[in-house]
Amino acid sequence: MSPKNRLLVSVALVCAWLLIVVGVCGWVVWVDLSPDEREALVPIISPRGALLGAMLVMAMAVSAIVLRDLHRRYVAVPARLAEDGRTLLKAEPTRRLTADGNAETCAFVDIINALADQRQSLQDDVEVRVADARRSVEEEKNRLGALMSELTQSVVVCNLDGRILLYNNRARLQFRAMSDAPGAAGGGELIGLGRSIYAVMDRHLIAHALENIQHRLRKSAAQPVTNFVTTTRAGQLLRVQMAPVLGVAPEDGADRPVSGFILMLDNITRTIENEARRDEILHTLTEGNRASLANVRAAAEMLDFPDLDDELRTRFRGVIRDEVKAMSDRLDHSASAFADSLKARWQLEDMLGADLVAAAQRRIESRLSLRTKIEEVDEALWVKVDSFSLLQAVTYLASRLSDEFEIRELRFRLVSAGRLVHLDLIWSGQAMSTETVMNWELEPMRFAGENSPLTVRDVIERHDGEMWLEREKVKHRAFFRLVLPSATPQEEVTSDVYLKGDSRPEYYDFDLFSWSERNHEHDDQLLSELAYTVFDTETTGLNPSQGDEIIQIGATRILNGKLLQGDGFEQLVDPKRSLPPESTKIHGISPEMLVGQPDITKVLPALHAFAADTVLVAHNAAFDMRFLQLKEEVTGMKFDHPVLDTLLLSAIIHPNQDSHRLEAIAERFGVTVIGRHTAMGDAIVTAEVFLKMIPLLAEKGVRTLGEAREAAQKTYYARLKY
Amino acid sequence: MTQSKKILIADDEPNIVISLEFLMKREGFDVSIAGDGEEAIAKIRSDSPDLVLLDVMMPKKSGFDVCQEVKGDPALSATRILMLTAKGRDTEMAKGLALGADAYMTKPFSTKELVDRVHELLGLNA
């Protein structure tokens, strides 16, 4: 029975008691009176019946007031204190109870607060020790994380369910490139801890590859890995190498079971495209020219016949001219259109130009004892080189200059020239003939103990470059100019990946390894073990059915009881309607900010993918869900996920609190509110509040998703309609 | 040679047709010409040539289709077919022969060899 009902019942009981006492007293006195006395009493009493009745009612009222006060002191205050105390016990150990009610209760509150202080200090002590112990584990994790992020290959580790446990930054970038979702969500809906790799890759393909690996493991193959090539939904080609993650060996000495797998991914779409283009060139140059050649050859052979009349002779010559011209055009076209594909047969690597020059300087100074200097180096330039052979060529040229012309210093200059880079080796001194240089270029490189079969020309050709000698007569200097292909700067780790929090992004969660044993029926799953997408929307107004629209969506994910800081979804949405100025005051989004943003038909599919396989959580979820559901028809995206509402959950946990607004709940749970009324800010606050609620719900016997939904439906707020 | 043999040249490229036409006429054959696959079929039916010089890459109907249709029709199957093609791959040659072509020559070819093959296919000894 609720405290309020208890108060009502008590008042009713007291009133009844008063009635009974007065009635019994009257009856006893009446029975005791003699008939005469009764006759005398009636005329005295009956005119004053109303007065007596009024006195009785007043007595009842006074008792009720006294009871209400007593109730407040001894029932309501303790009930609220009990709720606060439960919060203190389960969710918010830094919370302290506020003294209220009578002196005894206040004294009691003081004792509880003192106990809480004591517990706090003990807990702090334990936490320090736990933190110490955890630090070493964390260090190892970080080492692994650092190693992973340095890898130039994309790496994704999954458990047997295909859930992603770990991935590196390269993988994230690669998945982003594959994503067709707009803006901030790009890639985030494909890769993320706990997400399914099957969103990107065919389930059967992975199953097949795993089978291969199991097979190899049984045969004790030295390298139980398997390779395959697959296409993604976006049509990209991935070359994948898969290796098993082995679990702990069982006691009986049997083989270690496979507990997951590692995927190393290479996007080979570009490579394949290049190869396809190369094929195309070959095709146009062979088959394309066959017909023309046939025409020419036939016509030429006809010209040999002596019995040819002049008109035919002219026509055959015409055929030859036409066809030869057509073949020339085709050749020119192929050469220019496919120039890029014809290059780079050699494995050239991208290198920072300044690094190349520095390496050349070191080599020349140590091998040849020749002084070097930098004349000019563009620090921003990247070159595409086979650094070993190129350094060999540069050193070789320097050695010839040093041996035959006795130069004392060699200067370097590295400048950009359109898509090319000029690397100049400059020296001052006597002029040399171009023939001499030509000879150097064509001789195998032999110098200072090195003996290469390659010539400088070979090396230059390998780079699809050029080289020549130029003289600066005024300065009495000359230089070799090596023209090399430039490279686009290598992608640095993009900073926005780290923007979401100051700590390293949570790229791994090994707790997911144990997921496979769990029951997948969501309703029976424990709240503490589910994956959640906590989201919030900002809208043009409160009435979706009257044309109000979503203008911003923010979402974050909870996995294994942790808020994933780096894994967010934040997107402005073009509402395709005007924005009421009064709504701007609430969410701070102005119409200009929405210009050029994707509309809801683009954003909801991305949100849907982001929220795949999770439970949706929102504060006052009915409101947000109504907006999403009204768009089902337009977008074809059905948000039929299980939904939890923190407003309803708060009402389950704290039925005696006045307010269940997000701010009030956050304050109760000691959650710092930052950036309220942005979709992302509210989503994060909601998520943090929700995490604090899970243990308190368990206290109330609400442990599984099914129980939470049932309890929420019963609360008063569930009957509110939007 | 009692009666001159009839030859159909089916090719959409006038630059080769002019040479082939001259060459075949010079050998004393009765020459007709078709510029695409459909015309080739029509002329094979109407003129019933003894041999067709059939290009593979033609508009409307490819040489392969024409070949298949001719060899599938008992009334026409006696027509000799010499396929001429710019496709140099073994697989395509195999396809042509599998579809019933009597011979297959890859462009560019020697005109002398072509004449020899034509004679051979028509059972004439040059």
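1. **Basis.** The model is predicted: local features need pLDDT of at least 70, side-chain atom pairs count only at pLDDT 80 or more, and totals for chains, interfaces and linings use all residues. Residues are numbered from 1 along each chain as its sequence is written, while chains are lettered from A and ligands numbered from 1 in the order in which they are written.

2. **Chain A overall.** Chain A has 722 residues, and 27% of them are buried. Buried here means that 20 or more other C-beta atoms, placed from the backbone, lie within 10 Å of the residue's own; 12 or fewer counts as exposed, and in between as partly exposed. The secondary structure comes to 22 helices and 19 strands. Helices (H or I, at least four residues) and strands (E, at least two) are DSSP runs, numbered from the N terminus. Take the contacts in chain A with a separation of 6 or more: 68% of them join residues 24 or more positions apart. A contact requires C-beta atoms, placed from the backbone, within 7 Å.

3. **Chain B overall.** Chain B has 126 residues, of which 40% count as buried. Its secondary structure is 5 helices and 5 strands. Along the sequence they follow the pattern β-α-β-α-β-α-β-α-β-α. Among contacts in chain B with a separation of 6 or more, 57% are between residues 24 or more positions apart.

4. **Where the chains meet.** In the contact between the chains, 19 residues of chain A face 16 residues of chain B. Helix H7 (269–303) and helix H8 (310–337) of chain A each supply at least two residues of the chain A side. H7(A) gives the largest share, 12 residues. By class, the chain A side has 10 nonpolar, 2 polar and 7 charged residues. For these classes, Ala, Val, Leu, Ile, Met, Phe, Trp, Tyr, Cys and Pro are nonpolar; Asp, Glu, Lys and Arg are charged; the others, Gly among them, are polar.

5. **The sheet of chain B.** The 5 strands form an open sheet with parallel pairing, in the order S2-S1-S3-S4-S5 (chain B). Strands pair if DSSP finds at least two bridges between them. Strand S2 (30–34) and strand S5 (103–106) of chain B are at the edges, each with a single partner strand, so one side of each has no neighbour in the sheet. Neighbouring strands are turned by 20° against each other on average, direction ignored. Strand S3 (residues 51–55) and strand S4 (residues 80–85) of chain B pair in the parallel sense over 5 bridges. B:Leu53 has B:Leu82 in S4(B) as its bridge partner. Helix H2 (residues 37–47) of chain B packs on the sheet and touches strand S1 (6–10), S2 and S3 of chain B. The direction of this helix makes about 170° with that of S1(B).

6. **A mixed sheet in chain A.** Another open sheet of 5 strands runs in the order S17-S16-S15-S18-S19 (chain A), with mixed pairing. Strand S17 (562–572) and strand S19 (643–645) of chain A are the edge strands, and each pairs on one side only. The twist averages 25° from one strand to the next. Strand S16 (residues 550–559) of chain A pairs with S17(A) in the antiparallel sense over 8 bridges. There, A:Leu559 stands opposite A:Lys562 in S17(A). H19(A) packs on the sheet, touching strand S18 (615–618) and S19 of chain A.

7. **H19 against H22.** Helix H19 (residues 646–653) and helix H22 (residues 705–714) of chain A pack at about 80°, with their axes 9 Å apart. Axes are lines fitted to C-alpha atoms, for helices over the stretch in contact, and angles run from 0 to 180 degrees between N-to-C directions. H19(A) is therefore roughly perpendicular to H22(A). Angles of 65 to 115 degrees count as roughly perpendicular, under 35 as roughly parallel, over 145 as roughly antiparallel, and the rest as oblique. A:Leu648, A:Leu649 and A:Ile652 of H19(A) meet A:Ala708, A:Ala711 and A:Ala712 of H22(A). These residues divide into 6 nonpolar, no polar and no charged.

8. **H1 against H3.** The axes of helix H1 (residues 3–32) and helix H3 (residues 49–90) of chain A come within 9 Å and cross at roughly 150°. H1(A) is therefore roughly antiparallel to H3(A). By class, their contact has 15 nonpolar, 3 polar and 2 charged residues.

How values were computed:
Two residues are in contact if their C-beta atoms, placed from the backbone, lie within 7 Å.
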